[in-house]
Amino acid sequence: MFTAHVEEQEQDETYLGYERWLPTPPKVVKPRSVLNAATLAYIGDCIYELYARRHFLFPPLGIEEYNDRVMAVVRCEAQDVLLQKLLNSNFLSDQERDVLRWGKNIGSSKTKTKKRAGAAVYSRASSLETLIGYLYLTNVNRLEKLMSELGFSVDSSVPLNVEQAITGGLNNG
């Protein structure tokens with residue numbers, strides 16, 4: 001089940017000229033056969049928040065401002081808006097859309113977040129987290145491209161597009 005793979009990960013130590021910054025994922029050849037969607041969403045949630053935190057590192061801010069900005073983009077409503085942006089584009093492959101459908105069916109207990117945002121929004125946000133977890137385990141280069149497509153900066157010189165995408169999406173939806 002778990003096996004070492006030497007694919008592009010070991011051959012390509014940089015991406016867009018930058019050293020890898022994410023923790024090295026465990027070696028899982030077929031994550032969908034080993035891990036369920038909820039597990040992939042669990043790790044995807046963590047990876048998504050890590051991107052959000054990295055995104056807001058520059059310019060330096062106070063801790064409260066960091067937290068406010070990160071919390072604004074990790075809420076399921078914001079994730080839903082960003083997912084809609086992806087779905088309305090031709091960015092996702094058929095396989096990635098399949099992972100989204102699989103992740104959308106995660107059964108979960110009632111939470112305050114689910115009550116606040118509604119089951120449909122919560123479900124769609126979970127599907128995005130599932131895809132992020134899946135890509136983290138299978139193709140970090142594709143994950144970087146996806147997060148960039150969502151508006152997360154891959155270096156400190158890129159404007160904060162994610163805020164604009166979410167604000168515009170929330171105001172239009």
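This is a predicted model: local features need pLDDT of at least 70, side-chain atom pairs count only at pLDDT 80 or more; totals for chains, interfaces and linings use all residues.
A residue counts as buried when its relative accessible area is under 20%.

Helix α3 covers residues 37-55. Its 19 residues should span 27 Å at 1.5 Å a residue, and the C-alpha atoms at its ends are 26 Å apart, which agrees. The buried residues of α3 are A37, L40, A41, G44, I47, Y48, Y51, A52, R54 and H55. Viewed down the helix axis, these buried residues fall within an arc of 155°, so they line one face of α3.

Now to the rings. Two numbers do the describing for a pair of aromatic rings: the distance of the centres and the angle of the planes. How many aromatic pairs does the model hold? The count comes to one. Y48 and F152 make up this pair, which is edge-to-face, with 5.4 Å from centre to centre and 80° between the planes. The pair links distant parts of the chain, 104 residues apart: Y48 belongs to α3, while F152 lies in the loop between α9 (140-149) and α10 (161-172). Are these two residues buried or exposed? Both Y48 and F152 are buried.

Arginines also sit over aromatic rings, as listed here:

| Arginine | Ring | Distance to ring centre |
|---|---|---|
| R32 | W102 | 4.4 Å |
| R142 | F91 | 4.0 Å |

In the case of R32, the charged end is what sits over the W102 ring, and R142 lies over the face of F91.

Terms used: Residues are numbered from 1 along each chain as its sequence is written. Side-chain values use heavy atoms; hydrogens and water are left out. Rings of Phe, Tyr and Trp (its six-membered ring) pair if their centres lie within 6.5 Å; planes under 30 degrees apart count as stacked, over 60 as edge-to-face and the rest as tilted. Helices (H or I, at least four residues) and strands (E, at least two) are DSSP runs, numbered from the N terminus. Buried means under 20% relative accessible area, exposed over 50%, partly exposed in between (1.4 Å probe, protein chains only). A charge sits over a ring if NZ of Lys or CZ of Arg is within 6 Å of the ring centre and within 35 degrees of the ring normal. The expected span of a helix is 1.5 Å times one less than its number of residues. The arc is that of the directions from the helix axis to the C-beta atoms.
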